[in-house]
Amino acid sequence: FAAGTQFLAGQDIQLPPPDKKGGKPLMECFTLRKSARQFSSKALPAQVLSNLFYAADGISRPDGRKTVPTARNAQNQEIYAAMATGVYIYNPKKNTLVQISKKDIRAICGKQAFHKIAPVDLIYVGDLSKIGKTHEEQLFYASNHAGYSSQDVYLYAASEGLSTVVCGLVDRAVLAKALNLPPNKEIMFTQPVAYPAE
């Protein structure tokens, strides 16, 4: 994949292996981490996407554990990507973005106009059937798991020179319908990722 590759609608995206040795020093990333809302529409290269999803939910150990913790190792989180070419769900075992729709739904990933500008809108979804006994407990775990992932994305963005922000202003019912989510899966929040606006 060359830098700035435009992906084709109607196909899964096999990502290259993540670069696990690059990036800025961690302490520098803490300092650089910030929320930004001015985005470029420039496409993210395949390597950047691979590193981004590895940070958010990648498998980091031979036993299948991930870059983010989940209570009791429930691994109940799913991360979707809304892009111009459609909607994808990340498969960490195969490091693949599996296309579930050819529609561009970025405009409904949040109530701010910048969502439809960013080349990638991450959507954090919790499978509530996999963790917790009460609905309140399930939401507690799912929201925490999404928080861990989004912070990893923030730190990767700081290292790579990308812009991102976590967004809670989302019409979850509309977005869940677009994703065709079953009742046991709920949207926590979204997170657009892009190069900074020039």
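Student: Which residues of strand 5 are buried on one side, and which on the other?
Tutor: This is a predicted model. In a regular strand the side chains alternate between the two faces of the sheet. Strand 5 is mostly covered, with eight of its eight residues buried. One side holds Val120, Leu122, Tyr124 and Gly126, and the other holds Asp121, Ile123, Val125 and Asp127.

Student: How many bridges join strand 2 to strand 5, and what is the partner of Ala82?
Tutor: Strand 2 covers residues 77–83 and runs antiparallel to strand 5. Six bridges join the two strands. Ala82 has its bridge partner in strand 5, and that partner is Asp121.

Student: How many aromatic pairs does the structure hold, and why is the pair of Phe39 and Phe114 edge-to-face?
Tutor: The structure holds four aromatic pairs. For Phe39 and Phe114, the ring centres are 5.3 Å apart. Planes over 60 degrees apart count as edge-to-face. The pair is edge-to-face because its planes stand at 90°.

Student: How many residues apart in sequence are the parts that Phe39 and Phe114 tie together?
Tutor: Phe39 lies in the loop between helix 1 (26–32) and helix 2 (46–57). Phe114 lies in the loop between strand 4 (96–101) and strand 5 (120–127). The pair therefore ties together parts that are 75 residues apart in sequence.

Student: Is Phe39 buried or exposed, and what about Phe114?
Tutor: Buried means under 20% relative accessible area. Phe39 has 7%, and Phe114 has 11%. Phe39 is buried, and Phe114 is buried.

Student: What is the angle between the planes of Phe140 and Tyr141?
Tutor: Tyr141 is buried, with a relative accessible area of 17%. Its ring forms an aromatic pair with that of Phe140, 5.6 Å centre to centre. The pair is edge-to-face, and the angle between the planes is 65°.

Student: Which rings do the charged ends of Arg33 and Lys42 sit over?
Tutor: The charged end of Arg33 is 4.6 Å from the centre of the ring it sits over. For Lys42 the distance to the ring centre is 4.6 Å. The ring under Arg33 belongs to Tyr154, and the ring under Lys42 belongs to Tyr195.

Student: Is Lys20 buried or exposed?
Tutor: Lys20 is found in the loop between strand 1 (13–14) and helix 1. Exposed means over 50% relative accessible area. Lys20 has 56%, so Lys20 counts as exposed.

Student: Which residues does Lys20 touch, not counting residues up to four places away in sequence?
Tutor: Ser163 is 143 residues from Lys20 along the chain, and their C-alpha atoms are separated by 21 Å. Contact means heavy atoms within 4.5 Å. Beyond four places in sequence, Lys20 touches Tyr54 and Ile59.

Methods:
Residues numbered from 1 in each chain as written. Predicted model: local features only at pLDDT ≥ 70, side-chain atom pairs only at ≥ 80, totals over all residues. Heavy atoms only, no water. Phe/Tyr/Trp six-rings, centres within 6.5 Å; stacked < 30°, edge-to-face > 60°. Helix = DSSP H or I, 4+ residues; strand = E, 2+ residues; numbered from the N terminus. Buried < 20%, exposed > 50% of the residue type's maximum accessible area, 1.4 Å probe, protein only. Lys NZ or Arg CZ within 6 Å of the ring centre and 35° of its normal. Pairing = 2+ DSSP bridges.
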